Amino acid sequence: MLRFTELDQSYPAKRPAKERRKDFDEIYGPFNPKAGADQAARCSQCGVPFCQSGCPLHNDIPDWLMLAAEGRMEEAWERSSATSTMPEICGRICPQDRLCEGSCVIEQSGHGAVTIGAVETHITETAWKEGWIQPIRVKRETGFSVGVVGAGPAGLAAAERLREQGHSVTIYDRHDRAGGLLIYGIPNFKLDKSVVERRTQRLQKSGVAFQLNTELGRDVSLEELRERHDAVFLAIGTYKARALTCPGAGSDGLIPALDYLTASNRRGFGETIADEARLQAKGRKVVVIGGGDTAMDCVRTAIRQGAASVTCLYRRDRENMPGSLREVTHAEEEGVVFEWLSAPLALKGDATTLSGVRVQRMGLGAPDRDGRRQPIVLEGAETDLDGDLVIAALGYEAEDVDAACGGGGPVLTPRGTVRVTERCRTSIPGVYAGGDIVRGASLVVWAIKDGQDAAATIHADLMARAESAQTRELE
Ligand code: FAD
Ligand code: SF4
Ligand code: SF4
């Protein structure tokens, strides 16, 4: 350990931009065993590991880094999987620069953080390769049944932990595939679909039942689920796209980011897209409005589809954008043009087709509550940008949860998200919630944390119920 003074920070090899522009394969290769061990050995085994505080799951990072450095990979995997149901997914798509790696003391000392995410992926990929990851073997069935609504990372994490405890679990999802945004939002070049499907298949083999194409509020009601199951976990994410309000925004030519990304992901599964002409960037001048992870996924998808040009319009500058800077760098390398300090003033075109965007140039004012500087309009600074495929990627809010719950849903926050106690309990006994539907649009790692936490609470509540039933019987 402590080899950060002699070994430089190194990530797994990134494919050249020229090559990766042409396909949807992941952009990073794996670590070879020596590189993985060497990078893990850069850790200084801090007494107070700030990396762990920076990780929402409080992963035992120093421990599994030491085990990986010593080649004790099975132990490293056991330690890593104790706190996370999907370490190889977090290792790929967590914004580590803002979480574990951003908090690493070696980063602070100027040596470059330990490449924690890449080592985490390496450990769990080794576990899959070696056959250490097997379906869950339940020691004792409890006889309790839990319904999970939403097969995204929050729902899948909860299902895994609940099944480990011996509960019978059924996951309901309105989509035809399990995985939530891991499948239909995040593109393959960040997270290959096989990595997600491997996880859902393992759950199936562990006895978790999936009822897909089943929507809460359409095909099944909350009341029915509460009758069917001893507990219900709501993990339905946030899918109401924030609207663009400038003139022209009502045109059908303005494409919602998730429609665009879902179509691209479905194409990747070999499906034919009904709205192909509208949702395909090949040969078109693409303008994406927004500066978050979704916008980055759209611009990089458009590059891979063979767009004539791809421009990202964002009202703040590079330093004040919400998305990961690492993703911006990848996009720039791949040929995306960023128009910083630019906001849409109007969309040009008609009710069905767009031809461009009238752009308002912006300046930056004082920082807001998050510390990011507020955009301010520079009067008279306007310009035109050509674009025949305009995509809005402005973020997501909760859909109407009360309507989905037939009017008898849990208490909501003013933002329309589900209000929960610290332990994921909602206002309805036996109904729990977590992930984006509680936090608002967030991160996969937080969804996993909520799923795991909710499973722990549900298990504790069910066991308490069993105990009090037993006591009543004895009386
Ligand atoms: P979701 O993943 O949204 O899953 C919810 C599930 O519930 C879905 O399968 C949905 O079909 C289902 N559902 C919804 N309503 C109903 C209903 N009424 N009945 C039945 N089923 C229903 N995070 C990162 O950490 N890193 C990234 O790189 C990253 N990139 C992103 C890129 C994009 C394009 C987007 C949109 C988000 C990205 N995120 C990223 C955020 C991350 O994907 C989410 O925070 C995470 O998926 C939330 O998990 P969840 O389980 O709460 O919800
Ligand atoms: Fe870092 Fe995410 Fe892994 Fe935590 S889960 S150690 S934040 S990559
Ligand atoms: Fe190792 Fe960095 Fe964590 Fe310290 S903060 S234990 S150096 S990974």
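Of the 475 residues in the chain, 45% are buried. The structure is a predicted model, and every value below is computed from it.

## Overall architecture

The chain contains 19 helices and 15 strands. Its radius of gyration is 23 Å, close to the 23 Å given by the globule rule for 475 residues, so the chain is as compact as a globular protein of that length. Along the principal axes, the C-alpha atoms occupy a box of roughly 80 × 60 × 45 Å. Among contacts in the chain with a separation of 6 or more, 70% are between residues 24 or more positions apart.

## The shell around ligand 3

Ligand 3 is surrounded by 14 residues, of which Cys43, Cys46, Pro49, Cys51 and Cys104 are the closest. By class, this shell consists of 12 nonpolar residues and two polar residues, with no charged residue. At least two residues of the shell come from each of helix 3 (50-54), helix 4 (61-69) and helix 8 (105-108).

An open sheet is formed by three strands in the order 10-11-12, with antiparallel pairing. Strand 10 and strand 12 are the edge strands, each pairing on one side only. On average, neighbouring strands of this sheet are turned by 20° against each other, direction ignored. The residue ranges of the strands are as follows.

| Strand | Residues |
|---|---|
| Strand 10 | 342-349 |
| Strand 11 | 354-367 |
| Strand 12 | 373-386 |

Strand 11 and strand 12 run antiparallel and are joined by nine bridges. Proline 367 has arginine 373, in strand 12, as its bridge partner.

Proline 12 lies in the segment before helix 1 (17-20).

Which residues is proline 12 in contact with, leaving aside its neighbours within four places in sequence? These contacts are Tyr28, Gly29, Pro30, Phe31 and Ala118. Proline 12 and glycine 102 are 90 residues apart in sequence, and their C-alpha atoms are 18 Å apart in space.

Key:
Residues are numbered from 1 along each chain as its sequence is written. Chains are lettered from A and ligands numbered from 1 in the order in which they are written. This is a predicted model: local features need pLDDT of at least 70, side-chain atom pairs count only at pLDDT 80 or more; totals for chains, interfaces and linings use all residues. A residue is near a molecule or strand if its C-beta atom, placed from the backbone, lies within 6 Å of it. Helices (H or I, at least four residues) and strands (E, at least two) are DSSP runs, numbered from the N terminus. Ala, Val, Leu, Ile, Met, Phe, Trp, Tyr, Cys and Pro count as nonpolar, Asp, Glu, Lys and Arg as charged, and the others, Gly among them, as polar. Two strands pair if DSSP finds at least two bridges between them. Axes are lines fitted to C-alpha atoms, for helices over the stretch in contact, and angles run from 0 to 180 degrees between N-to-C directions. Two residues are in contact if their C-beta atoms, placed from the backbone, lie within 7 Å. The radius of gyration is taken over C-alpha atoms; the globule rule is 2.2 Å times the number of residues to the power 0.38. A residue is buried if 20 or more other C-beta atoms lie within 10 Å of its own, exposed if 12 or fewer, and partly exposed in between; C-beta atoms are placed from the backbone.
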